[in-house]
Amino acid sequence: METVTLTYKRPPDRVNHFQQELLYLDDDVIVTSQRVKPSSPIVQNGETVLADNFAAVWFVFTGLWYDVGKVYNLDNEWTGYYCDVLKPVKRRVDAAGKLECFEITDLFLDLWVNPDGTYEIQDEDEFEEAVQNSAIDAELERKARDVLTALIAGVESGALEHQVQEVISRMKFIDLRDYVERLP
């Protein structure tokens with residue numbers, strides 16, 4: 001499987017580089033996967049839904065202000081979606097047009113979506129701190145809040161699930177779980 005480098009930025013000056021497996025690429029989306037190392041676990045209804053070494057399949061949409069991670073636990077069971085509010089992805093390609101790396105700038109606000117469609121906003125405290133410390137200006141603050149509102153509407157209407165399933169269909173993966181079972 002081919003790997004690609006993700007450059008992950010977080011205002012004001014945090015930059016990390018992650019190697020991810022490239023699963024699919026077209027003009028509209030980059031789909032990668034990796035084992036995750038979250039800063040802290042997410043627990044919903046007494047069940048850990050995101051923790052160290054869980055698998056995530058990331059859908060990074062061109063021109064959109066969010067990405068979606070489809071998360072699987074250590075038993076390869078789908079636990080939900082992790083949606084990051086971020087600036088639109090930047091791609092870097094080589095002379096032959098092959099994706100060398102891609103860059104996202106995280107805007108702190110996140111949304112956890114359970115398989116039953118319930119959801120919880122994540123990292124509001126970090127977002128507020130970034131706003132207070134001027135790491136995010138007023139215009140970007142409004143945009144991030146608008147994106148979060150739109151994401152919630154997409155969850156409630158079923159549009160977010162449809163968007164992810166449409167990409168999975170294009171990828172010709174019957175079940176991503178079969179793939180994540182083979183992740184190292």
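In which strand is the place of Y119? Y119 sits in strand β11, which covers residues 119-122. Helices (H or I, at least four residues) and strands (E, at least two) are DSSP runs here, numbered from the N terminus.

A word on the model before the tour continues. This is a predicted model, in which local features need pLDDT of at least 70 and side-chain atom pairs count only at pLDDT 80 or more, while totals for chains, interfaces and linings use all residues. Residues are numbered from 1 along each chain as its sequence is written, and side-chain values use heavy atoms, with hydrogens and water left out.

**The largest pocket**

The largest pocket holds about 740 Å³ of space. A pocket, on a 1 Å grid over the protein atoms alone, is an open set of points where a 1.4 Å probe fits, with protein on both sides within 12 Å along at least five of seven lines. Grid points are joined across faces, edges and corners, and the volume is the space filled by probe spheres set on the points.

Its lining is made up of 31 residues, and Y8, K37, P38, S39 and Y82 are the ones nearest the centre; a lining residue has an atom within 4 Å of a point. Several strands each supply at least two lining residues, among them β1 (3-10), β2 (14-25), β3 (29-35) and β8 (78-86). Strand β10 gives the largest share, four residues. By class, 15 lining residues are nonpolar, six are polar and ten are charged. Ala, Val, Leu, Ile, Met, Phe, Trp, Tyr, Cys and Pro count as nonpolar, Asp, Glu, Lys and Arg as charged, and the others, Gly among them, as polar.

**Two helices**

Let us turn to the helices. The axes of α1 (residues 124-132) and α2 (residues 138-157) come within 10 Å and cross at roughly 160°. Axes are lines fitted to C-alpha atoms, for helices over the stretch in contact, and angles run from 0 to 180 degrees between N-to-C directions. The two helices are therefore roughly antiparallel to each other, a label for angles over 145 degrees. The crossing of α1 past α2 is left-handed, meaning that the near helix is turned anticlockwise from the far one by less than a right angle.

**Separations in sequence and space**

| Pair | Apart in sequence | Apart in space |
|---|---|---|
| E21 and A130 | 109 residues | 31 Å |
| Y119 and M171 | 52 residues | 26 Å |
| K98 and L25 | 73 residues | 9.9 Å |

E21 lies in strand β2 and counts as buried, at 18% relative accessibility. Buried means under 20% relative accessible area, exposed over 50%, and partly exposed in between (1.4 Å probe, protein chains only). Y119 is partly exposed at 31%. K98, from the loop between β9 (90-93) and β10, is also partly exposed, with 47% relative accessibility.

**Backbone details**

A few backbone angles deserve a look. P11 and P12 are joined by a cis peptide bond with omega of about 5°, and P12 belongs to the loop between β1 and β2. N76, a residue other than glycine, has a positive phi near 65°. N76 is in the loop between β7 and β8 and is buried, at 12% relative accessibility. F108, in strand β10, has a positive phi near 75° and is likewise not glycine. With a relative accessible area of 6%, F108 is buried.

Definitions and conventions:
Angles under 35 degrees count as roughly parallel, over 145 as roughly antiparallel, 65 to 115 as roughly perpendicular and the rest as oblique.
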